Amino acid sequence: MGTSDAKATAAGSVGAAGSTPGWAYSPAPETTAVAIADRYGLFIDGAFVAPRSRRFFETVNPATEAPLARVGDAGAADVDAAVSAARRALPRWSRLRPSERAAYLFRIARRIQERARELAVLETMDGGKPIKESRDFDIPLAAQHFFYHAGWCDKLRYAFHGETPRPVGVCGQIIPWNFPLLMAAWKLAPALACGNTCVLKPAETTPLTALRLAEILDEVGLPPGVVNIVTGGPETGRHLSLHPNVDKIAFTGSTEVGKAIAAACAGTPKRLTLELGGKSPNIVFADAALDQAVEGVVSAIWFNQGHVCCAGSRLIVEESILDAFIRRLEHRMASLRLGDPLDKNTDVGAINSRAQLDRIEHFLTCGEREGARRHEVNGSALPTRGYWCRPCFFTGVQPSHAIAREEIFGPVLAVMSFRTLDEAVQRANNTPYGLSAGVWTDKGSKAFEVARRLEAGVVWCNTFNRFDPSSPFGGYKESGFGREGGLSGLRAYVRTDRSPARSPAARTTKSPGNNPSKRSRRGRA
Amino acid sequence: MPHLPVLKTYKLFVNGGFPRTESGRSMPIEDARGRLVAHLCRASRKDLRDAVEAAHAALRKWSQATAYNRGQILYRMAEMLEGRADEFVDAIRCTGARPTGRSRLAPRAEVEAAVERLVSFAGWADKHQQVLGCRNPVAGPYHVFSLPEPTGVVAVIAPDDPPLLALVSLVAAPLCAGNTVVALASERNPVPAAVLGEVMATSDLPAGAVNILTGLRAELLEHVAGHREIRAVSAAGVDKAQQRTLELGAAENLKRVHVRGAQPSDSWLDERETAPETIAPFVETKTIWHPSAG
């Protein structure tokens, strides 16, 4: 389970339909039938309820544009109801015997495993990602996250250097659409393990697996109100992040929205962790094992259609091997199979939404207008319906080009070169982001020298896009603050200071302005 | 013939030297009876920028010094402070603005605690990595470890009291981890901070690793909050409005902000002030993966 993930893309298949050379693959659709209701309410206080807003929105299959379901659009009153339910559930949940909290989390992990196939199909239908990625990466890793954190529940007092950790309180958690269930697990599992209660807001375009998770929470008998799930768009997220009775906000999404949330929380007692955008460098030295490096670059940028915050979207190759490397990369790109996400041979699925496709196409135009050269394999026709973008890369990219600076969040790679190690590091760090980085070299001392100098929260040496619940993930600089995963990830969900916890019944925020004790609120939260 | 005392003019401590403020402004410091004790610089936004530039330039050298070397330099600072203990006692005493009541520290006790604090953080320089870092047991053939790395330039906003011990505590924590520091001294009694600059200057600390400004908090806070080269802020004795100013400015480049409210002077003696939790806000966890099988 777990880290064998990106091989799904990297190991890939050879000879894609319509590309040179090769054979056409017969269709191999995943046939598990998944029941989807016409309409879903909000999951508040242990039950699905109709939104008080009386509004619903449609979620569509991005590969076909077919509507899948109508989902509740939570308004201010709905968010308020969810926060109140979480507040009411807090005293009992936070004082529950730790091993009992653990028992619930273990059960959730097991139920996710048992319903894995159904969740994988649903994830692929709602989000457009290839079934082999949702089946082999998203869902198993989500289960692993609950399993890992379940084990922390009764060990927290050994984890913080003699400090006694206490729950933070009610956590508002806002997650993106690129790994919907996995991001829900990243947020909920550590929060619950530490005794907090949660209000989770899934992304607008991918609400369905979170709602399935709500069913699972109900099945395992999680006490009402411990987790509440409010679906909706940016307005719903805004209500949640501004709600005065929320003690902590955890947000994964764009840097732009992250900064707005940070500004909105300024001067309030809310704690904050942000996991934001990236423009991660992938550095290939001439002494690297080149075939492995090519596979690594493929998984770095074309895994999940490039909808990955830590995607290796800037390839920085040593000049002496640049041409040879580009040839290999072009050849490998030609073998990627784009098409029906439910087909088990598909490497590249659908773009998540029309809006995202527009954004990617904007950058493709930008790249060409600014003078870079686009490499793309035009073998097969794109499906006529749905949102599609062929994997591609640009050469002749200058560091000042938009495609080298801005997060595209699509299957678009910018290739640049370097001559010296210092130049590679300087180019890699020349960005306000700092989420991840890759280094490819066969020389150990060089790998660690570069890893040390890169300003990135995760550095993959001779690998890329590996994840594990025991391993902290999160950014430097404008990629956000706080870590998720491992012992570091628990810090976001405990307080070790001596300030009094907010009374469970509190209706208004309490200013700690004159509180004599220490308050660690931002940063390494 | 009676000796006419020489009134010392204290200057800023920036990039290893003692410049006057470029603004030419100064603040008079008076003792309890209203007699002039000294003049101090009233730092401007430009002085802050110069200090940040120096701190940024010093970052590579200081963060890449060996942890052992950083520990030795912090210990050297403790030695230099101890050697000038009497001067610091006078510096703490020199104003009448100190708070009274049960929480106040005796000047001698404050100086001794400041020496001990530096010694303690000298020890942390090569130990916090093992307490805050770890190897991660991932489910796959990878060697994966997480290390604390310095965040970068850290701005310290010191509280009014205790003027020496709080400043030393707030500076030593990020400094021992390899960050460089721009500190704004106690506004009510900045004299010990000005003397501390002389200690720093004689402790083998690379120029720019610590910079100390004296001036008005209200004037400089907003500029600290908004400066893009500052990566983290450690502020104490902060009221709600000041917290908001800091966090609002910090949102522009997502600075890490660590604020404390008012706290009793004697709470700075607490042993928790040397806990690894005081260092943790000023390091970034970097996780490195490497395959561990052919």
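Begin by selecting Val458(A) and Thr287(B): Val458(A) stands opposite Thr287(B), a residue of strand S11(B). The model on the screen is a predicted one.

Now extend the selection to the two strands around this pair. In general, the strands of a sheet pair through backbone hydrogen bonds, in either a parallel or an antiparallel manner.

Next, display the whole contact between the chains. Chain A contributes 59 residues to it, and chain B contributes 53. Together the two chains bury about 4,800 Å², of which 49% lies on carbon and sulfur atoms. On the side of chain B, select Leu254(B), Arg272(B) and Trp289(B); these residues lose the most area to chain A, together 16% of what that side buries.

Select Glu478(A) and Arg228(B), which form a salt bridge whose closest N and O atoms are 3.4 Å apart. How many salt bridges are there between chain B and chain A? The count is five. Polar contacts across this interface amount to 24 residue pairs, with both residues at pLDDT 80 or more.

Colour the side of chain B that touches chain A by its elements. Those that give two or more residues include helix H1 (45–64), helix H9 (240–250) and strand S10 (256–260) of chain B. Which element of chain B gives the largest share? That element is S11(B), with nine residues. By residue type, this side of chain B divides into 24 nonpolar, 13 polar and 16 charged residues.

The last stop is a sheet in chain A. Select strands S1, S5 and S4 of chain A, which form an open sheet in the order S1-S5-S4 with mixed pairing. Strand S1 (39–40) and strand S4 (56–61) of chain A are at the edges; each has a single partner strand, so one side of each is left without a neighbour in the sheet. Strand S5 of chain A, residues 66–72, pairs with S4(A) in the antiparallel sense over six bridges. To see one of the pairings, select Phe57(A) and its bridge partner in S5(A), Val71(A).

Helix H7 of chain A (residues 208–219) lies across S1, S4 and S5 of chain A and runs at about 55 degrees to S5(A).

Key:
Residues are numbered from 1 along each chain as its sequence is written. Chains are lettered from A and ligands numbered from 1 in the order in which they are written. This is a predicted model: local features need pLDDT of at least 70, side-chain atom pairs count only at pLDDT 80 or more; totals for chains, interfaces and linings use all residues. Side-chain values use heavy atoms; hydrogens and water are left out. Contact means heavy atoms within 4.5 Å. Buried area is the accessible area (1.4 Å probe) that two parts lose on being put together, summed over both. A salt bridge is a side-chain nitrogen of Lys or Arg within 4 Å of a carboxyl oxygen of Asp or Glu. A polar contact is a pair of N or O atoms within 3.5 Å; within protein, one must be able to donate a hydrogen and the other to accept it, and residues adjacent in sequence count only if both atoms are side-chain atoms. Helices (H or I, at least four residues) and strands (E, at least two) are DSSP runs, numbered from the N terminus. Ala, Val, Leu, Ile, Met, Phe, Trp, Tyr, Cys and Pro count as nonpolar, Asp, Glu, Lys and Arg as charged, and the others, Gly among them, as polar. Two strands pair if DSSP finds at least two bridges between them. Axes are lines fitted to C-alpha atoms, for helices over the stretch in contact, and angles run from 0 to 180 degrees between N-to-C directions.
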